Structure formats: structure tokens, C-alpha cells
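Subject: Structure handover

Hello,

Here is the structure for you to take over. My notes on it follow below.

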Amino acid sequence: MSRTTVLIVAAGKGERTGRAGPKQYESLAGQPMLRRAVEAFSGWPVRVVIGPGQESFYQAAMGLDAPAPIIGGARRQDSVRLGLEALADGAPDFVLIHDAARPLVSRAVIERTIAALEAGAAGAVPMLAVADTLRRQEGGRWVTVPREGLQRAQTPQGFRYG
């Protein structure tokens, strides 16, 4: 059985939401989204990457006995890199990157992502077909974008740690 570690990226500022704090710490049905995201991965080692200065939000969401978070960077890619670097000492076989703001990920999606890696894939990304009508502005007019061949990338996104 492979060793898989989960990095939950929770370093965003939530500026687009217009709320006082980052959305990953907002409550969803009485529980912070971050905690729901962490609990979705019960049974796997989970590390959480938070933004600089978010320690009090993290402790309020996860409780005082929660493992110490990893402090992320200015951009998502910086936070993911810092999270991956923090795993170096006990390097897993695979790593899953998941967004804290997507707390309702199903066990089936998680298990299928890991199964793809265990079957030999270098990386795995859950995808959903685009069902909505898409429009793009061209020359001052809105034109419909064909949905054929379009997919929405989801998380967790997994790959071989090495």
C-alpha cells in the first residue's frame, strides 16, 4: 500500500468574497470549511498550509490541539511549494493537493484519485464536464463558447511526490 499525504491549501485571503475574513474559515452548516475539508481526508496524514498571519483563524477553526500549520506564501503556488518542502523529511509516495474552500469533496473522488496514482499515473486530476452555457465577449458582442472538449479541473490533484 502506498503512502499518501494530503496538503490542504488554506492560505487565501478571500478578498473576492467581500467578507471580513478568509472564506476557508467561514462556517458551513455550523462548522468551519477548513475543518470539513480536513475531515474529508480522515485516515490519511493531512498537513494544512495557511497564510501568514492566519494562525488565530486556524486555531479557532481547528482547535488548540490541531497540528501546527505550515505557513504559506504570497501566491498559491508559493504555498504549495512550501507545503511540499515541509514533507521532505518523511517524503510520501504520493501527495494530494486540496483546496480548503472545497470542503464537500467525496470519499469516492479522493479514492479514485489515489487509485489512479497507485495504478501508475504520474498525476491525477478529477475533472467534470462543463454543463453550463459559456459566453465570451468578442468585438463588443457575447458569443457562445462550445462546451465540447471542455472540462473543469477539481481538487484533490495528486502526483508522485518525488
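Helices (H or I, at least four residues) and strands (E, at least two) are DSSP runs, numbered from the N terminus. This is a predicted model, in which local features need pLDDT of at least 70, side-chain atom pairs count only at pLDDT 80 or more, and totals for chains, interfaces and linings use all residues. Residues are numbered from 1 along each chain as its sequence is written, and side-chain values use heavy atoms, with hydrogens and water left out.

Asp78 lies in helix H3. With a relative accessible area of 15%, Asp78 is buried; the classes are buried for under 20% relative accessible area, exposed for over 50%, and partly exposed in between (1.4 Å probe, protein chains only). The side chain of Asp78 is in polar contact with that of Arg75, at 2.9 Å. A polar contact here is a pair of N or O atoms within 3.5 Å; within protein, one must be able to donate a hydrogen and the other to accept it, and residues adjacent in sequence count only if both atoms are side-chain atoms.

Arg75 and Asp78 also form a salt bridge, at 2.9 Å from N to O. The term covers a side-chain nitrogen of Lys or Arg within 4 Å of a carboxyl oxygen of Asp or Glu. Arg75 has 48% relative accessibility and therefore counts as partly exposed.

Salt bridges

There are six salt bridges in the structure. One of them joins Arg76 to Asp99, with 2.6 Å between the closest N and O atoms. This pair links distant parts of the chain, since Arg76 belongs to helix H3 (residues 76-86) and Asp99 to strand S6, 23 residues apart. Arg76 is partly exposed at a relative accessible area of 41%, whereas Asp99 is buried at 15%.

Another salt bridge is between the side chains of Arg107 and Glu111 (3.7 Å, N to O). These two residues are four apart in helix H4, so about one helical turn separates Arg107 from Glu111. Both are partly exposed: Arg107 has 35% relative accessibility, and Glu111 has a relative accessible area of 42%.

Helix H4

What distance separates the end C-alpha atoms of helix H4? They are 16 Å apart, which agrees with the 16 Å that the 12 residues of H4 (residues 107-118) should span at 1.5 Å a residue. The expected span is 1.5 Å times one less than the number of residues in the helix.

The buried residues in H4 are Val109, Ile110, Thr113, Ile114 and Leu117. Seen down the helix axis, they fall within an arc of 130 degrees, so they line one face of H4; the arc is taken from the directions from the helix axis to the C-beta atoms. These buried residues pack against strand S1 (4-10), helix H1 (33-40), strand S6 (94-99), strand S7 (123-124) and strand S12 (157-160), where contact means heavy atoms within 4.5 Å. After H4 comes Gly120, with a positive phi near 115 degrees.

Strands S9 (residues 134-138) and S10 (residues 141-145) run antiparallel and are joined by five bridges; two strands pair if DSSP finds at least two bridges between them. Gln137 has Trp142 in S10 as its bridge partner. The two strands form a hairpin with two residues between them, and Gly139 in the turn has a positive phi of about 60 degrees.

Regards
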